[in-house]
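Visitor: Hi, I'm new to this one. Can you walk me through some of its aromatic rings?
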Amino acid sequence: MSKSFARRLADIEPFRVVEVLTRAKALAAAGRDIIHMEAGEPDFSSAEPIIRAAKASLDRGETSYTPAAGIPALRQAIAKYYKQDHGLDIAPERIMITPGASGALLLLAGLLINPGDGMLMTDPGYPCNRHFLRLVEGEGQLVPVGPEDRFQLSAEKAEQHWQANTKGIMVASPANPSGEILTAPQLRDLHSLCERKEGYLIVDEIYHGLNYGVDAPSILSITDQAFVINSFSKYFGMTGWRLGWLVAPEEAVPELEKLAQNLFISMSTMAQHAALAAFEPETRLILNERRDEFAQRRDYLLPELRSLGFEIPHCPDGALYLYAGIKRFKMKSPEFCRSLLEDHGIAITPGEDFGRYRADEHVRFAYTTGMPRLVEGVARLRKLYG
């Protein structure tokens, strides 16, 4: 009998944005001038107070394991953040520190999914969600959503797609790749459906803080029975530190902590002490200035792309992306993106990275590069399609 790897790997697709980024960096290393609009990584380095806090923790010798749920001071700081920013009283004991939002996703997959269980999620949506479920022998049950839905999952549509093996619903607000936000009534309706169906509700809130002129309500303002995923990577600008958090119903925390003990032992000690500085007024001022700059980039790029024939029917209220239709250009998304990168030095992400529904007709632009580079990218596009 020949050796073989686990069968589940056949169902776990590559993270295509990473492949685009790798190729773009290779071209840049070879001397090409590449406009990077592919990755959802803020282009600012971590704020100086965060870096200082990390250095100070090392000087103090903070290099040992921490509790699997995270250092108490950071859990308390996050609870204070919910009180200050959302007016919510969240017990620190309900907050788990995780190795990025990905660590929270892995914990929830292990906590909630038995082999054969499914979880409803949007198509398009963050691609890794369904792969975490597949890893534990579950399935992501993709629900097609389009511009008419603002690329979000309504309770009505979720009920239509609910199956016998559906264990719950996973949504994101603001969402990747669309930047769309769920309103409080929409979140309330999704929660009510899950209550009625005796299912779980998971809300990815990792782009909270990157919402532009509108409120992004947290599901925690509606119920203490939902699971919330968040991260220090986006608004807080700490991508490489690999730190996130999970807010869970009180009764789930002991089981999550048991999983974390086995899967992670603990989070990066230095990163946790650095993250304490993320909530300081000095840091928040820096982060809010950066948020305002992202809004300026969105407000520049959106009308420029529309004028070139990209279909973006709504102005997204959050995140870092414009999810654009490309029917005008008579090319499928992978071919379109490959041509832009290889022939014109513009790196964007094909729609197939985010699901299957009309994926060939869409691409994602990330405004995670400075305004001069966005202007240059638009100039190159205008030469092609203007």
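Visitor: Is Phe 236 buried or exposed?
Guide: Buried: in this predicted model, Phe 236 has 1% relative accessibility. That falls under the 20% cut-off, so Phe 236 counts as buried.

Visitor: And how many aromatic pairs are there?
Guide: The count comes to 23 aromatic pairs. One of them joins Tyr 81 and Phe 236 edge-to-face, with 5.9 Å centre to centre and 65° between the planes.

Visitor: Where do Tyr 81 and Phe 236 sit in the chain?
Guide: They come from distant parts, 155 residues apart. Tyr 81 belongs to helix α3 (residues 72–86), while Phe 236 is in the loop between β7 (227–231) and β8 (244–247).

Visitor: What about Tyr 81, buried or exposed?
Guide: Tyr 81 is buried, with a relative accessible area of 4%.

Visitor: Okay, new topic. How do Phe 329 and Tyr 385 pair up?
Guide: Their aromatic pair is tilted, with 4.5 Å centre to centre and 55° between the planes. Phe 329 lies in the loop between β9 (321–325) and α11 (333–344), and Tyr 385 is in helix α12 (residues 371–385), 56 residues apart.

Visitor: Are those two buried or exposed?
Guide: Phe 329 and Tyr 385 are both buried.

Visitor: Last one: which ring does the charged end of Arg 364 sit over?
Guide: That's the ring of Tyr 321, with the charged end of Arg 364 lying 4.0 Å from the ring's centre.

Definitions and conventions: Residues numbered from 1 in each chain as written. Predicted model: local features only at pLDDT ≥ 70, side-chain atom pairs only at ≥ 80, totals over all residues. Heavy atoms only, no water. Phe/Tyr/Trp six-rings, centres within 6.5 Å; stacked < 30°, edge-to-face > 60°. Helix = DSSP H or I, 4+ residues; strand = E, 2+ residues; numbered from the N terminus. Buried < 20%, exposed > 50% of the residue type's maximum accessible area, 1.4 Å probe, protein only. Lys NZ or Arg CZ within 6 Å of the ring centre and 35° of its normal.
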